[in-house]
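What follows the picture is the notebook as I left it.

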Amino acid sequence: ACHERVQRSLDLMVRLQRHVLETGCDAQAQSAARDVLRYFDVAAPLHHQDEELHVFPALLAGPDASLRQLAGELIDDHRRMEAAWSAARAALTAIAQDTSGTLQLSALQTAALDDFGGLYAQHIAREEGSAYPGALAQLTATDLQHMSRDMMARRGVRSPA
């Protein structure tokens with residue numbers, strides 16, 4: 001479900017770039033930029049934390065050497081995505097704060113957004129293709145309940161009675 005929300009935000013970012021190129025930086029563009037900023041500033045870091053606290057440790061402790069290596073690479077991906085977010089965030093902030101309505105993205109800004117989106121797309125494919133199935137094979141029902149409670153608590157969501 002988190003990856004679906006990530007993908008929706010990435011898709012919005014692509015549509016936003018096209019909109020700014022074709023229409024310019026209007027109120028619709030500013031609103032879309034704020035939505036993408038909000039998602040990757042708030043929800044995405046929590047998702048990374050979930051994976052690093054619950055999914056990757058299961059893989060790192062498991063018997064499969066290829067999954068242990070993958071977990072390390074996915075953790076490295078998180079650091080690369082965090083670094084790439086800085087440049088992508090600057091481009092989105094420029095759109096969100098443009099008051100002239102004439103802003104056009106530079107080649108560097110466009111590349112920053114494209115790079116960020118590309119990193120995420122590759123990361124998600126590797127997680128869904130190998131990491132999540134590998135972790136699910138190792139996690140117990142109790143592990144999954146603990147994971148769920150922890151995720152809800154860090155988001156301020158009350159556990160159902």
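**Ground rules**

I am working from a predicted model, where local features need pLDDT of at least 70, side-chain atom pairs count only at pLDDT 80 or more, and totals for chains, interfaces and linings use all residues. I number residues from 1 along each chain as its sequence is written, and my side-chain values use heavy atoms, with hydrogens and water left out.

**Overall fold**

I looked up the secondary structure and got 5 helices and 0 strands. Helices (H or I, at least four residues) and strands (E, at least two) are DSSP runs, numbered from the N terminus. Along the sequence I read the pattern as α-α-α-α-α. The C-alpha atoms fill a box of roughly 55 × 40 × 20 Å, taken along the principal axes.

Next I checked burial, where buried means under 20% relative accessible area, exposed over 50%, and partly exposed in between (1.4 Å probe, protein chains only). Of the 161 residues, 40% count as buried. The accessible surface (Shrake-Rupley method, 1.4 Å probe; for residues, only the protein chains shown count as cover) comes to about 8800 Å², and 56% of that belongs to carbon and sulfur atoms.

For contacts I used heavy atoms within 4.5 Å. Among contacts with a separation of 6 or more, 75% come from residues 24 or more positions apart.

**Charges**

I found 15 positive and 21 negative side chains, with the centres of the two sets 6 Å apart. Lys and Arg count as positive and Asp and Glu as negative, while His and the chain ends are not counted. Each charge is placed at NZ of Lys, CZ of Arg, CG of Asp or CD of Glu.

**Salt bridges**

How many salt bridges does the structure hold? I get 10, taking a salt bridge as a side-chain nitrogen of Lys or Arg within 4 Å of a carboxyl oxygen of Asp or Glu.

I started with a local one: Asp35 and Arg38 meet at 2.4 Å, N to O. Both lie in helix 2 (residues 27-61), 3 residues apart, about one turn of the helix. Asp35 is partly exposed at 34% relative accessible area, and Arg38 is partly exposed at 49%.

Then I looked at Arg126 and Glu73, whose side chains form a salt bridge at 2.2 Å, N to O. Arg126 sits in helix 4 (residues 107-138) and Glu73 in helix 3 (residues 65-97), so this pair ties together parts 53 residues apart in sequence. Arg126 is partly exposed at 28%, and so is Glu73 at 27%.

**Arg154**

Arg154 forms a salt bridge with Asp50, and their closest N and O atoms are 2.2 Å apart. This pair links distant parts of the chain, with Arg154 in helix 5 (residues 141-154) and Asp50 in helix 2, 104 residues apart. Are the two partners buried or exposed? Asp50 is buried at 4% relative accessibility, while Arg154 is partly exposed at 24%. I also noted a salt-bridge network that links Asp50, Asp150, Arg154 and Arg155.

Leaving out residues up to four places away in sequence, Arg154 touches Leu46, Gln49, Asp50, Leu53 and His54. I checked Leu46 too: it is 108 residues from Arg154 in sequence and 8.0 Å away in space, C-alpha to C-alpha.

**Cores**

By nonpolar core I mean a set of buried Ala, Val, Leu, Ile, Met, Phe, Trp, Tyr and Cys residues joined through side-chain atoms within 4.5 Å. In the largest, of 29 residues, Leu16, Phe40, Leu92, Ile95, Phe116 and Tyr120 touch the most other members. Helix 1 (2-22), helix 2, helix 3 and helix 4 each supply at least two residues of this core. Apart from it lies another core of 12 residues, among them Val55, Leu70, Ala135 and Leu139.

I followed up Ile95: beyond its neighbours within four places in sequence, its contacts are Leu16, Val20, Cys25, Ala29, Gln30, Ala33, Leu103 and Leu105.

**Gln17**

My last stop was Gln17 in helix 1. Gln17 is buried, with a relative accessible area of 11%. What does Gln17 touch, not counting residues up to four places away in sequence? I listed Leu105, Thr110, Leu113 and Asp114. Gln17 and Tyr132 are 115 residues apart in sequence and 31 Å apart in space, C-alpha to C-alpha.
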